[in-house]
Every structure is written in structure tokens, then in C-alpha cells.
Amino acid sequence: MLSDRYISVTRLTRYIKQLMESDGELQDVWLKGEISNFKRHSRGHLYMTIKDKTARIRAVMFAGNAKNLAFEPEDGMKVLVQGSISLYEPYGEYQIYIREMEQGGLGRLFLAFEALKKKLEALGMFDPSRKKPLPEVPYEIGIVTSPTGAVIRDLFTTIKRRFPAARLTVFPVLVQGADAAPSIAAAIRQANRMKDLNVLIVGRGGGSIEDLWAFNEEIVAEAIFQSRLPVISAVGHETDFTIADFVADRRAPTPTAAGEFVVPDRQELGRRIDNLSGRLEKSVEARLVRETDRLNQIMQAYAFKYPGQLILQKEQERDQMTEHLRKAMMRLLNGKGDQLVLADRLLSNNRPAAMLDRSRKLLQEHSRHLIQSFNRFLKEKNAGFERMVLQLNALSPLRIMARGYNLAYNQHEQLVKSVEEVSPGDPLTVQMHDGIIDCQIWGIEEAKESERSK
Amino acid sequence: MNEASETDKNAVPTFEEAMTKLEMIVRQLEENDVPLEKAIDLFQEGMSLSKLCHEKLEIVGKKMDQLIDSSGEARPFSVQGDDKE
């Protein structure tokens, strides 16, 4: 079927819509033109056509964006809008969805404003963490504005009414025209060189965007950003926003409002002080009352009130105590007497004389045992000795000599044990068991080998 | 360092410092654990601080409002009449 090659209107429309919505350029469109066919829907959405001489585009601004509009749009009005392009499917119509809309005719300034705002924001000059706190009670207030006109008058009136002690120092500047911005920037720097000042208000009255333009210049923004003093911007009316407002530490919607919050209300401060000193007095008073009560209470005590009674009572207590003491003493003494009797009995059982008797008997007994044992030991040793003497006697050489064996000695009284030790003619002494024979050798006969070995 | 802290001590406190101190003293007395003698000292200090604060609010016109032109010259200044911008 050929119809397979055909797509539905819906699909085509969706495709075109997707193309538009994925295009970065189309999603951030800055457009200028004239309003026609303006219509405010009851629910707050705005519908219109934006056109120029040769073309037109449908436009819608939803209520959420429209509620911030500073003016009432109408047919024929020149406007600057910023928004995105998309497609309204039911009609197949592309249109611009407006996010922001300004009254036109000032296209160049509006763009310059937006561009500078973006640039400074990117530099961190609007960063809330860079904002300096305002002093609570400033005595020295600098004001950078025109020395004549409503702004300076409103500021003076408001500040002097609330806090007369504040001294105002005015730095007169041009607030309009080509020289205004350098003049304002120079005054802000000059104020910062004065060491007494506590805070600075920079302002001018309301006007068109061209009138306020000096406060949208970069040199003014820079001077505010560099300011050592906290800066309050009070430029134009409530709905006018300038770059100075974004850079300042605090924005006041009107000069009077700046005067309201730059100084405290003296009367309110006075009430705060009174409240504090009231509390101070009250707390000390309460303390004194309390301490006095305490003292009275102590003085009211029984002892202070009836000292006589107290003594009588103490007398009685003393008697009772004495009685207690006496009884306790008696109890103690009795107890000790019993202990003495018992100890005496124990002591007599252990008299030294009795112990001596017992020891003496023991000594006698031990002595008898000792003597008996020693005698027995002596007898045994004697018997042993006699046996030994008998054995020794049996072995005596005299006994052998008694059986006829003799000993021969040479003239040197050396025992002669061999014939080879003597020669004929040598003297010889022979020892018998009962005496000695002196003799001389006549001859020597050696025994035969065979006989010797016998 | 020492000199600086001493001069700080002797200097008249600013309005904020006096207020803070006064608030501290009142709290201390209300919490009620100070010895009586100390309490009376604190009370006296508090009363003179309160007086000082009042004085600081009342000093008017001691210093004239001024205008400083671009060359740095100061001259007295006051707002007069209904000048239109």
C-alpha cells in the first residue's frame, strides 16, 4: 500500500515541534516588535500578536511570567520580549512563549542592561556571600546623590526623625546625563577615603530607564563592589531595578525606606534601654527582698526567738547524757571484772613451777636414755676391737719367726733377700724371734735354676 | 599588642558595645547565681551603662551635617525648602 509512505498530520506536527524545541537559537529569542490583538485571559495568561511592518508572530505569556510585568501591555505598544519558539499543535501554528517583556523603544539600553547584568553576575559581583552587613547603629552616614531634590530631603527627614544623633555627610553628584556615572563612582571612592563613615547610601529619584542609566553603568557597579563601606542603593521607585541595586549590599525600594532601615528608631532603642534598666532594677530588688526574707527567717528561728528555752532544754539533755555516760561506764567496768577472773584462771593453769617440774622429769628421762645408749655403743665397739686384735695377731711376723723363719740384715741394716747381695766375709746380722745372732759369711752357694723356681 | 588592648579597655564603649554589655549584665542578674556583693556591683555598672546608652541616643547637633565637594572641601549642609529636582 502506498499509504504506508504517508505520515499523519500529528506526527508531522510533532516532528516540526521537536525540531524547534531542540534548536538553541529558537529557545532563547530576543525579539522586538509591536503588540496587536492583545487579550488578557481571565486566568491571567496574555495572548497577542507581535508584528513589525512586514511580519507577525503569535505570542503567549503565561500568568506565572506575566505577574511580574511592570506595565499594562496594550495594542500598538512597542515591546522587547525574550522567550522561546514552539508550536501549538491544534492550530499548527508556531508562536513565541514570552518569559520576559519590557516596554520597547529603548532596545539598545535594555540589551546593554541585560548584557552587563549577565557579565557582572558571572563575575560574582551579585554574590550574596560578598554582601557586607549594615552597622546596627551608624553615627556617620554618607549620602551620594543630588544635593537638591526629594531624595536628599526624604533621607534627611526620615533619618533625623528616627535617629537624631546620626551625622549626615552629603557627596553631591550629577545623577543624570553622560557625566553622571563617573561623578557617582568618584564620590563613592571619595566617601571610602573618609575613615569616620559607617555606611553609604547611593540614590536618586525615579525616572525613565534613560534617567536612571548612570546606575546601570559598569564604573558605578565597580565602585560599589570595591566599596569598603556597606552600600545601600536607593534608586528610583519600587519597580525600577538597576545594576547598582544588584551590586549594593542592600537595596532600598525608595529613599524613605533606605532612611528607615539605615538607622534604628531612637525611641524604640530608648524603650529597649528602659526595658533593660527596668529588668536590672527589678532583679536586684527581687534579690534584696529575697535575701532580707532569708535573714528574717533565720532570725525567726526558735533558737533566736527563745534562747532561755533552748538553755533549759539543753540542761535536761545534759543530765540525760551524764546518766547515759554513767551507765555505760558501769557496764564497761563489770565486763572488765569478768574478764579478769577468767584471765587469772588461765594464768594459774600455766604456773612456771609446774612447768619446771615437768621439764626436770623430762631431762632425767632423756639423760638415762643417753647413758644407756652410750654404754651399748661402747660395748659393741670394744667387741669389734678385740676381734680386730686377734686377727692382727694371727698375721704378726713374730708368729712366723717363732715357727723358725729368720731375717738377715747386712752391715747397713738392710734386709738381705738374695745371695747376690752379699759376698763371703761380709758381716750378717740374723734376727730371731727371741734375739739377734751376729755372724760372718763363709761361703755362698747359689741355688740351681730348677731349685729356685720351686 | 598590650598597649592596644589597654587603650581599648579605657576607651568609652560604642553604643552597641554598651547595649551588649547591659544585656549581658541583666541576664546574669536574672539568672541569679551571682554573690550579693557582685550583684550590686553589676547593678551599678548596668545603671551607668544604661545612662551612657541614653546619652548616646541624645547627642544631637554636636556635629554638623556636612557636604563634601569633589575637591574634598567640607562645608555645613542642611536641607532647605521644597527644591524640585
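Tutor: Let's start with a term: helices are DSSP runs of H or I with at least four residues, strands are runs of E with at least two, and both are numbered from the N terminus. This is a predicted model, where local features need pLDDT of at least 70, side-chain atom pairs count only at pLDDT 80 or more, and totals for chains, interfaces and linings use all residues. Residues are numbered from 1 along each chain as its sequence is written, chains are lettered from A and ligands numbered from 1 in the order written, and side-chain values use heavy atoms, leaving out hydrogens and water.

Student: What makes the reach of helix α6 of chain A close to the expected one?

Tutor: The expected span is 1.5 Å times one less than the number of residues. Helix α6 (residues 180–193) has 14 residues, and its first and last C-alpha atoms are 20 Å apart, close to the 20 Å expected.

Student: Which parts do the buried residues of α6(A) pack against?

Tutor: Contact means heavy atoms within 4.5 Å. The buried residues of α6(A) pack against β6 (140–145), β7 (167–172), β8 (199–204) and α7 (218–226) of chain A, together with β1 (66–68) of chain B. Among those buried residues are A:Ile184 and A:Ile188.

Student: Why does A:Arg287 count as buried?

Tutor: Buried means under 20% relative accessible area, exposed means over 50%, and partly exposed is in between (1.4 Å probe, protein chains only). A:Arg287 has 11%, so this residue counts as buried. A:Glu291, at 21%, is partly exposed.

Student: How do you know that B:Lys21 and B:Glu45 meet in a salt bridge?

Tutor: Their N to O distance is 2.6 Å. B:Lys21 lies in helix α2 (residues 15–31) of chain B and B:Glu45 in helix α3 (residues 36–58), so the pair ties together parts 24 residues apart in sequence. B:Lys21 is partly exposed at 37%.

Student: What makes B:Lys51 exposed?

Tutor: The relative accessible area of B:Lys51 is 54%, so this residue is exposed. B:Lys51 also forms a salt bridge with B:Glu55, with the closest N and O atoms 3.7 Å apart. B:Glu55 is partly exposed, at 42%.

Conventions
Salt bridge = Lys/Arg side-chain N within 4 Å of Asp/Glu carboxyl O.
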